[in-house]
Amino acid sequence: GVRRLLVFLPAVLLLGIPRAFSQPELPKEDVLTSADLQRAAKRLNVELRENTAGPWYQIELYSGDRQLGKTSGWAQPWGSLHLETIEVRKFTGYWVAKPANARPGKSPSEASELSASAEAEEKKRYADVAKVARWFGLLLSCAIACWNRERSPFYCKEAYLLAIKDEEKQHDRLVRYYKGLGFKTIKDPETLEYQDQVIWGGQGTLMRTDEEDFMRRWTPVVRQLAGPTRMSGSEKL
């Protein structure tokens with residue numbers, strides 16, 4: 001609450017500063033763009049939704065009306081992204097097939113057929129999404145990187161996040177997950193200092209990634225996932 005507000009306040013005070021006056025020049029490399037990312041998301045039948053206010057962002061990933069994951073954080077004027085979270089929902093128990101409500105005038109057999117049809121459709125949707133779920137964390141992470149380059153008031157050369165340690169096994173999974181995305185450990189739970197815990201709001205492993213290295217690594221992967229710039233509607237993975 002108050003602690004995080006104190007960290008966030010300097011960024012809020014700089015909401016009106018134009019990007020051109022608040023950051024170094026962007027690297028000239030040909031890297032992933034938001035257009036590339038949206039094509040990749042569309043090819044996976046998911047949608048990225050971005051909500052921003054100055055240096056603050058929240059990006060959500062949806063399949064229809066179902067939220068599959070989200071990320072939030074903010075850009076800091078000294079060139080560092082503070083990533084509050086990168087979350088991808090676990091699918092086990094998330095999608096529960098719901099029977100269609102019986103409509104007035106429908107016989108029990110007709111209602112049963114509608115329910116079976118709805119259940120089959122829901123199971124197919126679940127299977128389609130679960131099949132490509134391994135890409136969701138990458139889509140969200142790349143969405144942050146594209147926002148940082150294209151729309152953030154401050155271009156940040158590095159990004160930090162905390163793999164929270166509420167429970168040992170979950171913490172280990174988070175660390176492995178973030179390492180897979182390209183983050184490296186800066187401080188483990190034993191060396192995390194009190195001021196770090198105040199800034200991040202908890203105990204855990206502090207991790208970092210370099211923006212240019214991240215984009216070099218993942219640009220070809222996501223562009224391959226996105227397919228050709230002009231892709232027919234019938235083309236599938």
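## Close-up views around helix α4

**View 1. Helix α4 meets helix α7.** The crossing of α4 and α7 is left-handed (the near helix is turned anticlockwise from the far one by less than a right angle; clockwise would be right-handed). Contact, meaning heavy atoms within 4.5 Å, is made by Leu138, Ser141, Cys142, Ala145, Cys146, Asn148 and Arg149 of α4 with Glu211, Glu212, Phe214, Met215, Trp218, Val221 and Val222 of α7. The axes of α4 and α7 (residues 211–226) come within 11 Å and cross at roughly 125 degrees, which makes α4 oblique to α7. Axes are lines fitted to C-alpha atoms, for helices over the stretch in contact, with angles from 0 to 180 degrees between N-to-C directions. Angles under 35 degrees count as roughly parallel, over 145 as roughly antiparallel, 65 to 115 as roughly perpendicular and the rest as oblique.

This is a predicted model, in which local features need pLDDT of at least 70 and side-chain atom pairs count only at pLDDT 80 or more, while totals for chains, interfaces and linings use all residues. Residues are numbered from 1 along each chain as its sequence is written, and side-chain values use heavy atoms, leaving out hydrogens and water.

**View 2. Helix α4 along its length.** Helix α4 (residues 136–150) has 15 residues and reaches 21 Å from its first C-alpha to its last, close to the 21 Å expected at 1.5 Å a residue (1.5 Å times one less than the number of residues). Helices (H or I, at least four residues) and strands (E, at least two) are DSSP runs, numbered from the N terminus. Because 14 of its 15 residues are buried, α4 is largely enclosed by the rest of the structure; buried means under 20% relative accessible area, exposed over 50%, and partly exposed in between, with a 1.4 Å probe and protein chains only.

**View 3. Helix α2 against helix α4.** Here the axes of α2 (residues 34–43) and α4 come within 9 Å and cross at roughly 160 degrees, so α2 is roughly antiparallel to α4. This crossing of α2 and α4 is also left-handed. Ser34, Leu37, Ala40 and Ala41 in α2 meet Leu139, Cys142, Ala143, Cys146 and Glu150 in α4.

**View 4. Two cysteines without a bond.** The sulfur atoms of Cys142 and Cys146 lie 6.5 Å apart, too far for a bond. A disulfide is a pair of cysteine sulfur atoms within 2.5 Å, and the count by this rule is zero. Cys142 is buried at a relative accessible area of 0%, and Cys146 is buried at 0%.

**View 5. Tyr57 and its contacts.** Tyr57, in strand β2 (residues 56–63), is buried at 0% relative accessibility. Beyond its neighbours within four places in sequence, its contacts include Trp74, His82, Ile144 and Trp147.
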